[in-house]
Amino acid sequence: MAKKNKIKRPLARLPKGFRDFEALEIRGLKAMLTKIEQVYESYGFEPLETPAFEFTDALGKFLPDQDRPNAGVFSLQDEDDQWMSLRYDLTAPLARYVAQNFDTVPKPFRRYATGTVWRNEKPGPGRFRQFTQFDADTVGTESIAADAEICMLAAETLEALGFERGEYRIRVNNRKLLDGVLESIGIDVDPDGAAAEQRLTVLRAVDKLDRLGVEGVTMLLGDGRKDASGDFTKGAGLEAERIARIVEFVSAGEAVGGTLFDTLGGLVTGNARGEAGLAELQKIYSLVRAAGFDEDRIAIDPTIVRGLDYYTGPVFEAELTFEITDDDGQKIQFGSVGGGGRYDDLVARFTGRPAPATGFSIGVSRLQAALQVLGRATGPAVHAPVVVMVMDYDDLPRHQALVSRLRAAGVRAEMYLGTSGLKAQMKYADKRGAPCVVIQGEDEVAKGEVQIKDLIEGAKAAQSIKDNAEWKEVRPAQFSVPVESLERAVQDVLSRHSD
């Protein structure tokens, strides 16, 4: 007898770095996005939506980590053999849009955007390959006031989401300052120069200061560093003297007024690029203070670098300063939930014409996780649907009419769409978390009534009823009303459990 071939079925699984989002989280996310949008709109930014795919050459190679064979992006070829990639952020597509519509968009062009981005990076705890960002950008002005405004926008957004002052800080630096330090120790800072890769390695090393500390950054500035998993990251190859100068710069401390500026000034004196960066930082400092944003909200911090290579001036990072307990039981700060900076050359890649720009991106998923840690992750009050039981499968229109009446009255409701009996339907309603069910069998039809069973009150009563006989006698939380009173009776049940 011939042996049957075993059917090979696909495994129900997700690729590493991806996850599913369920109802509660999705509703909370939508509520967050609405609050962010309201702040961005109040600043006069306009919405823009760009496609998930862009031509790969339009995106450029600006990823903070390039530890994947295809430079950190998910790519494919179209029917014309042109390479396309899923966007890794919302800034590169904006640059393409402005370049494509350069003569028609108002300048400065102020836009906000939210959407999914993808990065083909090594996944890890809390590090996903697909996540949501919410950006605001101003394109077409060199004014440092635009950078100061972005910092203020970020602070007000965090407060609108429920973070209190003292639980967050917007930290600001200027890439020209670090470039000035690098020039002073003989490193070419031209992004297209011979030392471009070394400079980028330095930037990425300094950007990991919060996570790795001075010792880890020192290793990355030198020969390299091996992490806990055994993976080795090649360093910038700098000598001890040059490493010490960079560490001195990033260790200058947070903003304490003129003292910090004096310290930074001493590190870049005589270097035109560094002095220009310091002057820009001082302007941002004066603008945000004049607007009432003190150091507990927006602070100057030379440790902020941002790993992306396209930043050309001020850079910002939104940090949550409260502590959480990690998997090892250690107290750590929650850390960064967003960042950005000035990128004056990104649009010019396409047009050859100057189009200075600045912007900020919020990591929505991390913000949502932070609110959950604080117990403040809330979404709109949405009750589970009221379920209309099907008592007669030969008379579905009658049950459908009841559902339609409830929906017309603003009640979230559904008719049971399975084929099982009443007991299975009740189990379904329980799994759905239905606040109540509507029952209309032959007896109710004859009386012109419907029965409503309050499942929440029923569950409470069940805990105190001793036996089945008492249950049948009391019939807790189950009552009949005339058909014409259906909507009001269901709304009364929902109001009772509105909390």
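1. The exposed side of H14. Lys423, Lys427 and Lys431 are exposed on the face of H14 turned away from its buried side. Exposed means over 50% relative accessible area, buried under 20%, and partly exposed in between, with a 1.4 Å probe and protein chains only. Helix H14 spans residues 422-432, and its buried residues are Gln425, Met426 and Ala429. These buried residues line one face of the helix, because they fall within an arc of 100° seen down the axis of H14. The arc is taken over the directions from the helix axis to the C-beta atoms. Just after H14 comes Gly433, with a positive phi of about 75°.

2. Basis of the model. The model is predicted: local features need pLDDT of at least 70, side-chain atom pairs count only at pLDDT 80 or more, and totals for chains, interfaces and linings use all residues. Residues are numbered from 1 along each chain as its sequence is written, and side-chain values use heavy atoms, with hydrogens and water left out.

3. Overall counts. The protein has 18 helices and 18 strands. Helices (H or I, at least four residues) and strands (E, at least two) are DSSP runs, numbered from the N terminus. Of the 499 residues, 47% are buried. The accessible surface is about 25,600 Å², and carbon and sulfur atoms hold 50% of that. Areas come from the Shrake-Rupley method with a 1.4 Å probe; for residues, only the protein chains shown count as cover. Take the contacts between residues at least 6 apart in sequence: 70% of them join residues at least 24 apart. Contact means heavy atoms within 4.5 Å.

4. Helix H8. This helix covers residues 240-250, and its buried residues are Arg242, Ile243, Ile246, Val247, Phe249 and Val250. They sit on the same side of H8, because they cover an arc of only 155° around the axis. Ala240 and Glu241 are exposed on the other side of H8.

5. H1 against H12. Helix H1 (residues 23-42) and helix H12 (residues 364-373) cross at roughly 110°, and their axes come within 11 Å. Axes are lines fitted to C-alpha atoms, for helices over the stretch in contact; angles run from 0 to 180 degrees between N-to-C directions. H1 and H12 are therefore roughly perpendicular to each other. The cut-offs are under 35 degrees for roughly parallel, over 145 for roughly antiparallel, 65 to 115 for roughly perpendicular, and oblique for the rest. H1 contributes Glu25, Gly28, Leu29, Met32 and Leu33 to the contact, and H12 contributes Val364, Leu367, Gln368 and Leu371. By class, the contact holds 6 nonpolar, 2 polar and 1 charged residues. Nonpolar covers Ala, Val, Leu, Ile, Met, Phe, Trp, Tyr, Cys and Pro; charged covers Asp, Glu, Lys and Arg; the others, Gly among them, are polar.

6. H6 against H7. Helix H6 (residues 196-207) packs on helix H7 (residues 209-221) at an angle of about 145°, with axes 7 Å apart. From H6, Thr201, Val202, Ala205, Val206 and Asp207 meet Leu209, Val217, Leu220 and Leu221 of H7. That contact has 7 nonpolar, 1 polar and 1 charged residues.

7. Backbone points to check. Most residues other than glycine have a negative phi, and most peptide bonds are trans. The peptide bond from Lys107 to Pro108 is cis, with omega near 5°. Pro108 lies in the loop between helix H3 (91-100) and strand S5 (109-118). Asp81 is not glycine, yet its phi is near 65°, a positive value. Asp81 is in the loop between strand S3 (75-77) and strand S4 (83-86). Its relative accessible area is 59%, so Asp81 is exposed.

8. Pro356. This residue is in the loop between H11 and strand S13 (357-363). Pro356 counts as buried, at 10% relative accessibility. Not counting residues up to four places away in sequence, Pro356 touches Thr138, Val139, Gly140, Thr141, Glu142, Arg342 and Asp344. Pro356 and Pro108 are 248 residues apart along the chain, with their C-alpha atoms separated by 9.2 Å.

9. Leu346. Its place is the loop between strand S12 (331-342) and helix H11 (348-351). Leu346 counts as buried, at 3% relative accessibility. Thr91 is 255 residues away from Leu346 in sequence, but 9.0 Å away in space, C-alpha to C-alpha.

10. Val445. This residue lies in helix H15 (residues 442-447). Val445 counts as partly exposed, at 40% relative accessibility. Leaving aside neighbours within four places in sequence, Val445 is in contact with Arg398 and Gln440. Val483 is 38 residues from Val445 in sequence and 8.8 Å away in space, C-alpha to C-alpha.
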